[in-house]
Every structure is written in C-alpha cells, then in structure tokens.
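Try each task before you read its solution.

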Amino acid sequence: MQFRKVIGQEEAKKGLIQTVKDGRISHAQLFFGPAGAGALPLALAYAQYITCEHRTEDDSCGTCSSCKQISALQYPDLHFSFPYIKHRVGEVTADDHVGNWKKMIQESPYADVQQWRYFVNAENKQLTFTVDEAANINKKIWLKSFTGGYKFIVIWLPEFMTLAVSNKLLKSIEEPPEKTIFLMVTENQEALLATITSRTQLVKVPRLSDDDVRSAVVLRDGVISNEKVEQLVQMADGNYFKAWQKLHLDQEDLHFNQFVAWMRMCYKKDVAEMVKFANEMHASGRENMKEFLDFATFMARQCIVGNYTDGKLSRFGPREADFAQKFAPFINSGNIAEIAEELQEAYYDISGNVYGKTVLLDLSLKMHGLLRRPVESL
Ligand SMILES: [Zn+2]
C-alpha cells in the first residue's frame with residue numbers, strides 16, 4: 001500500500017517519511033488511534049516505503065517487486081501476528097489463521113476487531129495471543145532475512161496480549177536483531193500493557209476528519225449522490241470502516257453484525273457502547289433503523305424457534321444458527337413476548353418520527369433488563 005492510498009493522516013505520513021530520510025527508523029513502533037482511522041494501512045505503507053527500490057521524496061513507487069509483494073501481503077520478510085481463537089488442538093499460533101486475516105485485510109485494511117470476530121465466527125469467543133505465538137515471533141526474528149533487507153513483524157491489536165505473552169516478547173522488542181522492525185498497531189492504547197508501550201516509539205493516528213471521510217467515499221468508493229455522501233460521513237463519525245461496511249457488505253450481513261454487537265452490549269449493559277450505537281443508528285437514517293428493527297425481530301423469533309424445536313424448524317444459515325444456539329438461552333418463554341413487543345414499539349416510534357437516538361437508547365436499556373431476567377419455569 002502506498003502512502004497516497006492511506007486516507008488523510010498527512011502529519012503522521014510526513015513524520016514517518018522523515019525517519020527514513022534521516023536514517024533513524026526505530027526498531028519498535030506503536031501506531032495508535034481509534035478504529036477506522038487507518039493505523040494498519042499506515043504501518044503497511046511505512047514498511048513499503050522502507051523497502052521500495054525506487055522510493056521518491058514522498059511515497060513508494062508502487063511498481064517494484066517489493067512494493068507489489070507488500071501490497072499483496074506476500075513479502076517474505078513481512079510477518080504478521082494478531083489475536084485469534086484457539087479452536088482446534090494444534091492450532092496454536094497466528095500462522096494457523098493468517099490466510100483468513102490476510103483475506104480480511106485485503107478486502108479492507110481498515111477492518112476493526114469486530115470485523116475480525118465476525119470473519120472468524122468468534123462473536124462469543126475470546127480472542128487471544130498464546131504463549132506459543134510469542135515463541136513463534138521470537139523464533140521468526142532470528143531467521144535469516146529472505147531479501148537481505150529489513151524484516152518486519154506487524155503485531156495487530158497487541159492489547160489482546162496477556163502479561164505472560166507480553167513478558168515473553170519484551171526482550172525481543174527491546175533488543176531485536178539488526179534490521180528487524182516491530183510495527184504494532186493498536187485500537188486501544190489504554191488496554192495495552194505499559195511494559196510494551198514504554199518500549200516503543202509512538203506514532204499517533206488521530207480520528208479522521210469528516211472532510212477526509214468525505215473525499216474517501218467520493219474518490220475511493222465512487223459515491224456520487226451528495227445526500228448519500230453526507231449520510232455516510234455522519235454515520236462514519238471519523239471511522240472510515242463504518243462507511244466501507246455500509247457500502248461493501250450486503251445489508252443482511254451488516255444487520256447481523258450490528259445485531260450481534262448490540263445484543264452483547266445490552267447484555268453487559270455497556271452504556272457507552274449503547275450511546276454510540278444509538279448515535280450511529282440515528283445517523284444511518286429512518287429507513288435503515290426500521291430495517292434493523294425488523295431484522296432484530298426476525299432474529300429474536302428465530303432464537304425461540306430454535307430454542308423450542310432443537311433447531312429443526314429454524315431457517316438460519318450456519319452463521320445465524322451458530323449465534324442463535326449460543327444466544328437462545330437468553331431469549332426464552334419468559335421474555336420473548338416482551339422483547340418482540342419492545343422491538344415493534346420502537347419500530348412504530350421510528351416510523352412516527354420519534355427521535356431515533358432516544359428510541360434506541362431507551363430500547364437498549366429495556367433489552368438489558370429483559371435479557372437478564374431469570375428464566376421462568378416453562
Ligand atoms: Zn517500490
């Protein structure tokens with residue numbers, strides 16, 4: 001990926017290019033910023049700039065063999081590590097999941113952790129790095145470089161590392177072999193262990209401005225209608241990935257992702273997330289909110305159908321069935337009628353022009369109460 005393909009972030013780009021010109025490339029760097037701001041694309045563009053055979057003042061060439069291989073995520077000295085679910089015996093390192101991860105990043109390098117969960121069907125499972133993965137990284141940094149040049153270890157979302165895992169990596173991060181560069185990319189710097197943060201050079205990747213998102217959806221995604229552009233800008237709220245999802249995932253997929261995330265935040269009573277969700281939904285427009293509530297009603301009903309009939313009558317696809325199976329215990333005879341009623345009521349309120357933010361926040365809080373209600377005897 002070339003720098004010019006990274007949305008906005010002019011200041012960060014300038015700073016990174018300067019480190020190459022000055023010959024002071026730090027061996028451990030932490031790109032940090034909110035989801036959808038482009039920390040990973042920036043790290044990839046940086047690696048490409050460093051290895052490019054014909055780089056210019058302000059960008060890599062995009063056509064030499066290093067550029068092509070890095071763009072395709074196939075450069076032999078570019079290694080990736082990221083959190084994953086350990087679901088089969090023997091699957092113990094990120095290498096076992098790297099095909100899926102690259103596929104997601106090729107589709108959209110702006111993808112966030114929620115998209116990754118969805119991609120690997122891990123909505124209700126724990127993402128983690130294992131101690132074996134730390135050992136794997138420690139081994140990789142001592143392998144001879146294929147190209148004779150720099151070797152990169154890109155660690156996506158290191159905030160998912162446990163203390164044990166990060167401890168195993170500290171020495172490598174502090175004193176890697178020559179020409180080895182750690183590029184870490186975090187969505188949540190606060191959750192990251194201070195032992196890691198303190199050993200890295202920080203690269204700030206701020207939230208994108210509305211203007212950045214606006215030109216991205218026009219120039220990259222080819223959206224023409226002004227009204228649609230403004231709707232996407234509002235919905236994105238500085239997170240380009242939100243706009244990308246709306247444009248490139250089919251609506252049923254999108255609603256499914258939203259429904260799963262919504263149920264999780266309602267169950268946990270994560271009020272900050274509920275407010276964010278209500279704002280995003282509101283910004284997406286009335287018709288979209290109605291479609292979502294329809295979909296939520298369908299999902300809730302399917303959960304109970306699955307619940308009562310052992311899955312036989314449910315018309316879910318494998319992904320929905322998997323979610324419903326785990327979620328069905330929370331939707332039962334004691335609350336289904338009220339859940340359906342609340343969803344319907346919200347639907348009518350939205351249709352009748354009641355303020356979307358208020359309706360959805362209120363609905364989320366009610367959902368929390370309903371989902372947590374103890375199961376009554378059947
Ligand atoms: Zn090049």
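**Exercise 1.** Find which helix and strand each supply at least two residues of the lining of the largest cavity, and describe that lining.

*Solution.* Step 1: the two elements are helix H2 (39-51) and strand S4 (180-186), where helices (H or I, at least four residues) and strands (E, at least two) are DSSP runs numbered from the N terminus. H2 gives the most, with 3 residues.

Step 1: this is a predicted model, where local features need pLDDT of at least 70 and side-chain atom pairs count only at pLDDT 80 or more, while totals for chains, interfaces and linings use all residues. Residues are numbered from 1 along each chain as its sequence is written, and side-chain values use heavy atoms, without hydrogens and water.

Step 2: the lining of the largest cavity holds 17 residues, and Gly36, Ala39, Leu40, Ala111 and Glu187 lie nearest the centre. They divide into 12 nonpolar, 4 polar and 1 charged (nonpolar: Ala, Val, Leu, Ile, Met, Phe, Trp, Tyr, Cys and Pro; charged: Asp, Glu, Lys and Arg; polar: the others, Gly among them).

**Exercise 2.** Work out which residues coordinate the zinc ion, and why the arrangement is tetrahedral.

*Solution.* Step 1: Cys52, Cys61, Cys64 and Cys67 coordinate the zinc ion through their SG atoms, at 2.3 Å.

Step 1: the arrangement is tetrahedral because the 4 donor atoms subtend angles of 102 to 120° (four donors count as tetrahedral if all angles lie between 85 and 135 degrees; donors are N, O and S atoms within 2.8 Å of the metal, or 3.2 Å for Na, K and Ca).

Step 2: along the sequence, the donor residues follow the spacing C-x8-C-x2-C-x2-C.

Technical notes. Four donors count as tetrahedral if all angles lie between 85 and 135 degrees; four count as square planar and six as octahedral if opposite donors are over 155 degrees apart and all others between 65 and 115; anything else is irregular. On a 1 Å grid over the protein atoms alone, a cavity is a set of points where a 1.4 Å probe fits but cannot get out, and a pocket is an open set with protein on both sides within 12 Å along at least five of seven lines; lining residues have an atom within 4 Å of a point.
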